[in-house]
Amino acid sequence: MSDSIIFKDRKKLSPRYLPKEIPHREKQIDILVRTFLDIKDDPDKFPLTVLQIIGPAGIGKTSTVIKFSDILENELRKNKINIKIVYINLKLQGGNKYAIYKYLLSCIAPELPAQGLSAEEMLRQLLDYLSINNMYSLIILDEIDYLIKISKEIGIIYDLTRLNEFDPSKKCNVMGVIFIARSTEFYEKLDEAELSSMGRTYIEFPNYTIDQVSDILIRRSKDAFQENVIGTDIIDWIAKIVISPIVNGDIRYALDLLSYAGNLAESEGTERVLLDHVKKINKQIYNGITDEDIIELSKLQIIVLLGIIKGLKIKHKDYVDLKEIRIQSLEIAEKYKLRKLDIEDILDDLATRKIIKIISLKKISFISSSVENLEKTLISKIDSTS
Ligand SMILES: Nc1ncnc2c1ncn2[C@@H]1O[C@H](COP(=O)(O)OP(=O)(O)O)[C@@H](O)[C@H]1O
Ligand SMILES: [Mg+2]
């Protein structure tokens, strides 16, 4: 038991902690389990199955897949099938094929030396090892879109989705490959062969509704905080922030807010976390834009920022395109009796100030993850000067 009056177990809010239950992802877990459960009847008849999981950051993709892995492993163990499920986070495991295969081999066949082997030889070793040891495997590649975006080495999708063709005279003991990505944008960088072997269908992870977010946060708070430390006012407030277009459903953001607000309550010696603690932390986390930055902004720049915020709200996305920004900004400018607005120049300037980022003309967004309070601040600044 913890001796903090705020926390029961603070590490249960850490991004690395995997909660026992993943509520509101039952359907996705079920689809995954049903897809692979037939392995238990006869793994040698089970075809190499490729799946994709797509959905924005922080909505439970990784947690769901890990949960599914545990369930599948258990089920197959009951049927005396030895399966090794390998989870690879491509943001953590090197940016090239060689490093990734080496890691894969070390997970499945730790006693085999990968030194001096080519990428292809490593895959061959892996397949041979599985079959000699009567073992099966399932490979999960998380953050595949990240890898494809940063590296030209995209042969990995081609290789892994065709492991069954590697040596047609032998059976392939890799039962499946699951790719996880935030969006389908990375398709643009793949060639036809890769796209077709990966398939274009995916399991969708929709954003949680506000009630689902509240429920998740209540459960997570119960694990991490002492009783009565987190009130419903706090859950409600954070849930609203989480579903706002800027945070876009990212539960990680909510857990951060809870955890930092808990620390703040602790350091201030209050008995419970107060809404003010949470609000204060929320302001700090969005400090991609400081008060100082705002003081330095011109009226026109503020108008364009307000236009972006408006556009984000309308589109319910975490980015917005130039056209929408133009429409919204001109409308706001009209209100302030300003006619001339060189939007492109202003956007460039805001980007160099690191307030926004321009990924493309279709994708313009804020650098910080939350601009919840920014709109109000901007409006009061422009109102005080006009
Ligand atoms: N349904 C849920 N129940 C409990 N915690 C959740 C749930 N969904 C997400 N989380 C938590 O939110 C954080 C982000 O989830 P994660 O699975 O890493 O998202 P993603 O992989 O989609 O970015 C993790 O700390 C995870 O424990
Ligand atoms: Mg993830």
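# Exercises on helix packing, a ligand shell and exposed residues

Helix 8 passes helix 9 in a right-handed crossing, and this crossing belongs to a predicted model, which the following exercises explore step by step.

## Exercise 1

Describe how helix 8 and helix 9 pack, and list the residues through which they meet.

**Solution.** Begin with the two quantities that are needed, since two packed helices are described by the angle between their axes and the distance between the axes. For helix 8 (residues 210-224) and helix 9 (residues 232-243), the angle is about 130 degrees and the axes are 9 Å apart. Angles of 65 to 115 degrees count as roughly perpendicular and those over 145 as roughly antiparallel, so helix 8 is oblique to helix 9. Next, turn to the residues: helix 8 brings Ile 210, Val 213, Ser 214, Leu 217 and Ile 218, and these meet Ile 235, Asp 236, Ile 238, Ala 239, Lys 240, Val 242 and Ile 243 of helix 9. Sorted by class, this contact holds 9 nonpolar, 1 polar and 2 charged residues.

## Exercise 2

Decide whether helix 13 and helix 15 are roughly parallel, roughly perpendicular or oblique to each other, and name the residues in contact.

**Solution.** First read the geometry: helix 13 (residues 299-315) packs against helix 15 (residues 343-352) at an angle of about 90 degrees, and their axes lie 10 Å apart. An angle from 65 to 115 degrees counts as roughly perpendicular, and therefore helix 13 and helix 15 are roughly perpendicular to each other. Then look at the contact itself, where Leu 300, Gln 301, Val 304 and Leu 305 from helix 13 meet Ile 343, Ile 346, Leu 347, Asp 349 and Leu 350 from helix 15. The classes in this contact are 7 nonpolar, 1 polar and 1 charged residues.

## Exercise 3

Describe the surroundings of ligand 1, and state which helices supply at least two residues each to its shell.

**Solution.** Start with the count, which is 19 residues around ligand 1, the closest being Gly 60, Lys 61, Thr 62, Ser 63 and Ile 251. Then assign the shell to elements: helix 2 (61-78), helix 8 and helix 10 (251-268) each supply at least two residues. Finally, sort the shell by class, which gives 9 nonpolar, 6 polar and 4 charged residues.

## Exercise 4

Find where Asn 134 and His 316 lie, and explain why each counts as exposed.

**Solution.** Asn 134 sits in the loop between helix 4 (119-132) and strand 3 (136-142), and its phi is positive, about 55 degrees, although this residue is not a glycine. A residue is exposed if 12 or fewer other C-beta atoms lie within 10 Å of its own; Asn 134 has 10 such atoms within 10 Å, so Asn 134 is exposed. His 316 lies in the loop between helix 13 and helix 14 (322-335), and its phi, again in a residue other than glycine, has a positive value near 55 degrees. Because His 316 has 11 C-beta neighbours inside 10 Å, His 316 counts as exposed too.

## Exercise 5

Technical notes. Residues are numbered from 1 along each chain as its sequence is written. Chains are lettered from A and ligands numbered from 1 in the order in which they are written. This is a predicted model: local features need pLDDT of at least 70, side-chain atom pairs count only at pLDDT 80 or more; totals for chains, interfaces and linings use all residues. Axes are lines fitted to C-alpha atoms, for helices over the stretch in contact, and angles run from 0 to 180 degrees between N-to-C directions. Helices (H or I, at least four residues) and strands (E, at least two) are DSSP runs, numbered from the N terminus. Angles under 35 degrees count as roughly parallel, over 145 as roughly antiparallel, 65 to 115 as roughly perpendicular and the rest as oblique. Two residues are in contact if their C-beta atoms, placed from the backbone, lie within 7 Å. Ala, Val, Leu, Ile, Met, Phe, Trp, Tyr, Cys and Pro count as nonpolar, Asp, Glu, Lys and Arg as charged, and the others, Gly among them, as polar. A crossing is left-handed if the near helix is turned anticlockwise from the far one by less than a right angle, and right-handed if clockwise. A residue is near a molecule or strand if its C-beta atom, placed from the backbone, lies within 6 Å of it. A residue is buried if 20 or more other C-beta atoms lie within 10 Å of its own, exposed if 12 or fewer, and partly exposed in between; C-beta atoms are placed from the backbone.
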